Amino acid sequence: MRNWICRLTAAAALASFAGAAMAQNFDDPKEFQAAKELLAMKPQGPEGKPWEQHLGGKEVDTSKYKKPGPYRVCFSNAGVNNPWRVVGWTDMQAQVDVLKSDIKSFTAADAEGKDDKQISDINSFVSGGNCDILIVSPNTTAALTPAVEAACQKLPVIVFDRGVLTQCPVTFINPIGGYGWGIQTADFIVSKLPKDGKVLALRILPGVDVLETRWSAAHRIFKEHGVNVVGAEFTNGDNAKTKSIVEDYINRFGKVDAVWMDAGATAVAALEAFEDAGKPYPIITGEDQEDFLQKWKAKNLTALGPTYPTYQWRTPVIAAVRILKGEPVIGPAWKLPQPVITAADLDKYVDNKMPPLHYAMCGCKDLPGYPERWGGKK
Amino acid sequence: MTLTLKVDRPKSRVLTLAGRVNIAVIVLIALYLAISVRQPIYLEPAGLMNFLRRAAPLAILASGQLFVLTSGGFDLSVGSLVTLTVIGGSMLTANDPGNTWWTIAFLYTVGLIVGLLNGAVVAYLKVPSIIATLGMLLSVNGAAMMWSGGAPRGYLPDNFRMFGRLVFHDVPIIGIFPLAIAVLAVVASLAYWALHRTVFGRWVFAVGDNPRAAELGGVRVDLVRIAVFVISALSAVTAGIMLGGFGGVSVDVGLGLELQAVAACVVGGVQLMGGRGTLIGAVAGALTLFALFTLLTLLGLPQPLKDTAQGIILIAAVAIGAWRRRRAA
């Protein structure tokens, strides 16, 4: 019995250490500062094409990868298991169509959100010998690192969205990221919140790095400004649960002045809780989903639409062709701009013909097949 | 000997009476009080009404699942049918209130077909229901994903959503009255009548108790089996309409609901092997489960700990129920 208790204590201690270590990763003052600097930077590159722009970064020489086209491009996809990835994946396929003259074949493997499947996908791409270049959108960071390292030995690799723990890919493409999101959204709420206003934070789930960093950055700013955060709740991204939680907070506090969200898919459900309770709409930060933007416009909300832009799915395809042509690309880290939608440019993004969870910052309006390909109506 | 029996009789009567109060009801009251400590609004009528409104879809699902469980089967396809209902509803109505009524009729037809297929596969192909409905879960989910392309493609009009969303304000005494509670009351009354007040209900119990004996007793076992799956599927469509109404369109709305419905029934004292169960138990079980979810959310526990706590409490509730039954017997 004593032995058993000892073991349990040891396990608990270990778990709490691991927890502390993880928490530190997600709330890194250095990363926070770096994101702040990136947000202040003016993007370089072609005007009006943020997917080809970059924030800082150097050009890397790719002449050693140069070969005659057209090329065989392979893509190992973590999954298309949420609407964000559905929009991004559609962007990517359309971008391949744009570059049809340079791309002979585009082969994609869907890992369905499983690390082991993605590792074997990457292995078979590498050993199959039918790829001139490999694009990887990793499912998880640590688990995919060895597979990507092995692939780097055989062919040029591009990683985007989530990262890996190696510098071997030619370039790693992603937007500013979670800290940037947290800064953009918290600054907005701080600037609009009445004195002693109450803020409710809605998060999807704990432990996911991009979501944890969004919250840690926002939380840091809320603390700095002494903002009254009455609660931070996990919604699991579920509409009904979101609505219930918000309803409870409205009932408990009488009034909630602002709702901060780490992702916008359930923003409309949160707003409906205010409607159903007969309360005025809160200040809210959602995301760039159409349903939220439409509600924002219809009800003239005080809102902000931060983005984790889906146009980043276009960039790796463009980079792949450039690398194989021996043209320089930005690397080893290619930071894309991460715009927010504000009341001033809301009209540019609202489109009643697009489906509710279409991500307006898709940079896809110039792509072939828009809007039907994205589920919209002409 | 006779003396002891005489002394024992009133005692055992007290025991039977205590045994008759469903364990779920006791756990429900305890959990609800715990919620109220954390969030006093739940003690006010408006808090109670909101709680019932949110729990109504699960209670309706449990009422349908009750028939299948009592007959000795499982219906694991209900969660995916809820998803299909919500997605199908948004695709077919295309945000036009004029399409609502025929869409609802169409969705019930789909439910009817799914139920008939489940029942026919179980009754005639002799596939165990847990497998048959698991297959149906995968197919229906696949159909829903194919139809929507993995992301919601439309909205539900307000007249479709009212069953889950509409709340009457300024009602005397209770303050607010959500339409969802009325729907729950109608469904639960119908289910109570069908299971506890009709010959059909007696057949369901008979089939669950001993299908061979029921058959020899002249019960059309195959038809009873088909009927219970149809009832369960129709309850899933109803729950889907209400969940879509409450929360709007999402592609994972039905995820895990089948197990929650089964768990609700089990907590409510329904026997998994069939032959025993009450409508009151199923509804109370669903409310208990929902109160548990609410409490764990209010406590702000991290999700893994919540899942663990949920599992332990479920097992404990069922174990206590079984122990009480043994004692009462």
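Which residues of strand S11 (residues 303–306) of chain A point one way, and which the other way? Ala303(A) and Gly305(A) share one direction, Leu304(A) and Pro306(A) take the other, and all are buried (20 or more other C-beta atoms within 10 Å of a residue's own, with C-beta atoms placed from the backbone). Strands here are DSSP runs of E with at least two residues, helices are runs of H or I with at least four, and both are numbered from the N terminus.

Before we go on, a word on the source. This is a predicted model, in which local features need pLDDT of at least 70 and side-chain atom pairs count only at pLDDT 80 or more, while totals for chains, interfaces and linings use all residues. Residues are numbered from 1 along each chain as its sequence is written, and chains are lettered from A and ligands numbered from 1 in the order in which they are written.

Let's look at the neighbours of S11(A). Strand S10 (residues 283–285) of chain A pairs with S11(A) in the parallel sense over two bridges; pairing requires at least two DSSP bridges between the strands. Here Ile284(A) stands opposite Ala303(A). To get from S10(A) to S11(A), the chain passes through helix H10 (residues 290–299) of chain A in a right-handed β-α-β crossover. Strand S14 (residues 340–341) of chain A runs antiparallel to S11(A), joined by two bridges, with Val340(A) as the bridge partner of Pro306(A).

Chain A also holds an open sheet of six strands in the order S3-S2-S4-S5-S6-S13, with parallel pairing. Its edge strands are S3 (103–110) and S13 (333–336), each pairing on one side only. Strand S6 (residues 171–175) of chain A is linked to S13(A) by four bridges, and Ile173(A) has Trp334(A) as its bridge partner in S13(A).

Now turn to chain B, where the axes of helix H3 (45–70) and helix H12 (residues 257–267) come within 8 Å and cross at roughly 70 degrees. Axes are lines fitted to C-alpha atoms, for helices over the stretch in contact, and angles run from 0 to 180 degrees between N-to-C directions. H3(B) is therefore roughly perpendicular to H12(B), a term covering 65 to 115 degrees.

Finally, 24 residues of chain B are in contact with 23 residues of chain A. On the chain B side, H3, strand S1 (167–171) and helix H11 (221–247) each supply at least two residues.

Note on methods: Buried ≥ 20, exposed ≤ 12 C-beta atoms within 10 Å, placed from the backbone. Right-handed = clockwise from strand over helix to strand, strands pointing away. Contact = placed C-beta atoms within 7 Å. Parallel < 35°, antiparallel > 145°, perpendicular 65-115°, else oblique.
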